[in-house]
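Take a look at the structure below.

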Amino acid sequence: MPKIKLADNTIKVIKDVCAEYNNSEGELINVLHKVQHKLGYLPAEVQEVIAKELKTSVAKVYGVVTFYSFFSMVPKGEFPISICMGTACYVRGAEQVLNEFKRQLKVEVGESTGDGMFSLNCLRCLGACGLSPVVMVGEKVYGRVAPTQVKQIITDYRDGCGSSDSSKTA
Amino acid sequence: MTDYKMHLLVCGGTGCKAADSDEIRNSLKYWIEQTGMEDDAQVVFTGCFGFCEKGPIVKVLPGNTFYVGVQPGDAEEIVKEHLVKGRPVQRLLYTDPVTKEEISDSKGMEFYKKQMRIALRNCGFINPENIEEYISRDGYMALGKCLTELSPQEVISEIKESGLRGRGGGGFPTGLKWEITNKSEADQKYVVCNADEGDPGAFMDRSILEGDPHSIIEAMAICGYCIGADKGLVYIRAEYPLAIERLKIALNQAREYGLLGEDILGTGFNFDISIRLGAGAFVCGEETALIHSMEGLRGEPTFKPPFPSVSGYLGKPTNVNNVETFANVPVIINKGANWFNKIGTEKSKGTKVFALAGKINNIGLIEVPMGTTLREVIYDIGGGIKDGKEFKSVQTGGPSGGCLTKDFLDTPIDYDNLIAAGSMMGSGGMIVMDEDDCMVSIAKFYLEFTLEESCGKCSPCRIGNKRLHEMLDKITKGEGEEKDIERLKMLSHVIKDTSLCGLGQSSPNPVLSTIANFEDEYLAHVNEKKCPSGQCKDLLKYEVVEDLCTGCTLCFRNCPVGAITGERRQPHYIDQSICIKCGVCYWKCKFNAIKLS
């Protein structure tokens with residue numbers, strides 16, 4: 001992977017977050033949460049800065065980033081799509097919904113579409129089991145999604161009216 | 001909640017919020033103002049009512065009128081008809097699926113009749129963002145009683161006598177855990193609340209934190225008093241933004257009221273709580289892994305002993321309990337151990353919260369006394385199986401548990417009975433499956449989960465589960481042989497016997513229990529290369545039923561790979577060598593002319 005040169009103000013953002021947590025190594029996970037929240041993802045170059053600030057090894061930071069599924073080293077799409085693969089959603093057909101998203105977007109789980117518009121991920125239980133199977137696009141929750149609705153959901157976002165109300169389907 | 005004549009309780013749990021309950025609340029407020037009722041009626045945003053299947057839910061007090069499936073557009077009618085004219089909106093009432101009668105009062109619903117709410121006592125009743133409402137329902141009374149009337153030892157004795165056991169899965173006696181931590185000598189001790197609810201399909205801890213965060217704060221302070229700790233930490237999943245937000249609000253309010261911080265209630269007792277975010281690792285539900293994660297490390301479990309009660313967070317004695325366990329504590333102190341230990345079975349006291357989900361009519365969060373049978377839960381409370389299908393199995397205990405058949409329906413639910421039946425209580429996920437669910441695929445599904453969540457520290461779990469998954473994958477593709485079933489069993493036992501932590505030791509349970517209870521399904525897959533439930537894609541064939549096909553060409557136009565041919569108004573044909581078994585033709589067909597075989 002070619003190296004990215006971080007902009008000076010990005011480095012400042014990272015350093016400020018570290019300082020907020022007293023540059024303490026024990027706060028690594030909190031630091032990662034906050035930096036990811038600000039930058040969207042945690043590429044290797046960002047991890048190097050964090051390691052330096054917290055006076056720990058890059059290997060340790062990398063070890064923690066890759067251990068937890070919440071942290072990502074690749075940028076998400078403009079509209080991140082998450083399919084709930086909790087058991088309740090699974091038995092109500094989440095896998096078919098996921099397969100349909102993969103087919104429509106021509107990406108695998110963890111990838112983004114070429115235009116950077118969508119990324120596809122699975123998550124474990126949103127706790128909205130009453131609405132299963134559940135799909136999240138950005139912050140919007142779609143309940144009781146059938147594979148036949150997938151194309152429409154994608155088209156809505158492509159046409160720029162993604163936040164319109166197509167979630168209330170029985 | 002005393003100044004208003006009427007209260008409209010709107011469910012603000014994650015499920016209902018996902019279905020626009022925010023907007024319902026705003027519309028209700030708008031119409032209350034429009035009709036000039038703002039001095040008489042108040043809208044309260046509460047925690048989860050439990051009946052998620054019928055959400056979003058709005059409840060009107062007095063009268064306990066329970067509206068289901070409410071949409072923002074219904075707000076006007078509720079305000080104008082019910083509030084202004086006193087006429088409940090009939091069309092939004094719950095209809096009993098058997099008697100077809102409309103039931104207005106939630107107490108009359110089968111879903112609530114057999115429930116007993118201790119841990120969920122305030123969920124759906126109070127505004128979780130208002131400490132006054134918690135206090136008005138005896139909140140912080142138990143803490144006051146402990147600090148002013150009881151010694152730490154007396155409180156521990158009370159908890160021990162109540163028979164309360166850990167609700168996170170293991171079922172370790174809570175009082176005993178507190179006693180051990182109390183006896184550990186150290187300059188600093190910690191109380192930790194485990195809110196890293198990672199079991200897919202379980203959401204009870206989240207609902208308690210969202211609906212009644214003060215009960216956890218109060219219980220943690222009581223625990224701190226008992227074990228001699230002045231610091232508490234809540235380890236909570238980052239995936240639960242609403243619960244985190246409400247907990248933060250509750251912590252600030254408790255500090256403002258002097259119920260957290262220094263010299264609580266003037267007794268000289270100091271206690272405060274901070275929040276630690278999880279980052280999506282199931283293994284962090286294991287207490288040693290959780291502690292390492294709080295220290296900023298990879299969440300890998302370590303060998304016990306030393307137990308956290310002796311050496312835990314930063315090497316200091318640490319008492320870890322789960323959310324639901326804590327939620328029971330204030331009630332036990334207020335009502336007494338003897339009240340609590342009369343509920344439940346001989347060795348499992350009190351109640352248990354279950355997240356009921358899957359192929360069941362009434363999905364939701366329920367709380368029942370220990371000893372309630374699975375049949376009562378599934379058929380009386382859960383309303384039976386969806387679409388009138390046949391019950392096949394119920395999965396309890398999440399990825400560590402097992403699948404139980406209809407032979408176990410009359411088993412009273414408690415810790416020991418579930419283990420004897422080959423499953424476990426776990427944190428309380430309960431997933432119901434019907435005739436269409438393939439048990440081999442379910443076992444594979446759980447293995448996929450374990451595989452992803454195994455921390456990789458010890459090889460039986462890291463490599464063993466991978467091999468189990470490969471064998472199951474082979475079987476679902478029709479490439480398995482009968483010997484594989486024996487191999488699965490043998491390897492499962494090795495993994496159970498040799499893994500370090502609870503995750504590895506229990507990860508083969510879904511495999512073993514499905515083999516024990518549904519061996520015929522495994523045999524059908526390996527011998528006849530058939531999936532009796534029609535779930536395993538590779539063993540299926542999509543075919544056109546010629547008599548039903550009208551030749552509408554819908555399937556032909558939608559097939560992504562061009563496997564379907566046929567003339568208009570003539571029966572179509574699917575070329576099996578091209579078909580990728582995506583199922584689009586099956587969903588699209590309006591004449592049921594595509595069959596699975």
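B:Val58 stands opposite B:Tyr67 in S4(B). The two strands S3(B) and S4(B) form a hairpin, with 3 residues between them. In the turn, B:Gly63 has a positive phi of about 110°.

S3(B) also pairs with S1(B), again in the antiparallel sense, over 4 bridges. Here B:Leu8 has B:Val60 in S3(B) as its bridge partner. S1(B) and S2(B) run parallel, and 6 bridges join them. In that pair, B:Cys11 stands opposite B:Thr46 in S2(B).

| Strands | Sense | Bridges |
|---|---|---|
| S1(B) and S2(B) | parallel | 6 bridges |
| S1(B) and S3(B) | antiparallel | 4 bridges |

In which order do the 4 strands of the open sheet stand? The order is S2-S1-S3-S4 in chain B, and the pairing is mixed. S2 and S4 of chain B stand at the edges with a single partner strand each, so one side of each has no neighbour in the sheet. On average, neighbouring strands of this sheet are turned by 20° against each other, direction ignored.

Now turn to helix H3 of chain B, residues 75-85. Its buried residues are B:Ala75, B:Ile78, B:Val79, B:His82 and B:Leu83. They cover an arc of only 115° around the axis, which puts them on the same side of H3(B).

What covers the buried residues of H3(B)? The cover includes strands S1 (6-11), S2 (41-46), S3 (58-61) and S4 (65-67), along with helix H2 (21-34), of chain B. Just after H3(B), B:Gly86 takes a positive phi of about 75°.

Chain B also meets chain A. In this contact, 41 residues of chain B touch 36 residues of chain A. Helix H1 (14-18), strand S12 (351-358), strand S16 (429-434) and helix H24 (584-588) of chain B each supply at least two residues of that side of chain B. The residues on this side divide into 19 nonpolar, 14 polar and 8 charged.

How far can chain A be trusted? The mean pLDDT of chain A is 88, and 93% of its residues reach 70 or more. Over residues 163-170 of chain A, pLDDT stays under 50. Where pLDDT is low, the predicted coordinates should not be read in detail.

Conventions:
Residues numbered from 1 in each chain as written. Chains lettered and ligands numbered in written order. Predicted model: local features only at pLDDT ≥ 70, side-chain atom pairs only at ≥ 80, totals over all residues. pLDDT = per-residue confidence, 0-100. Contact = placed C-beta atoms within 7 Å. Buried ≥ 20, exposed ≤ 12 C-beta atoms within 10 Å, placed from the backbone. Arc of directions from axis to C-beta. Pairing = 2+ DSSP bridges. Nonpolar A, V, L, I, M, F, W, Y, C, P; charged D, E, K, R; others polar. Axes fitted to C-alpha atoms, helices over the stretch in contact; angles between N-to-C directions.
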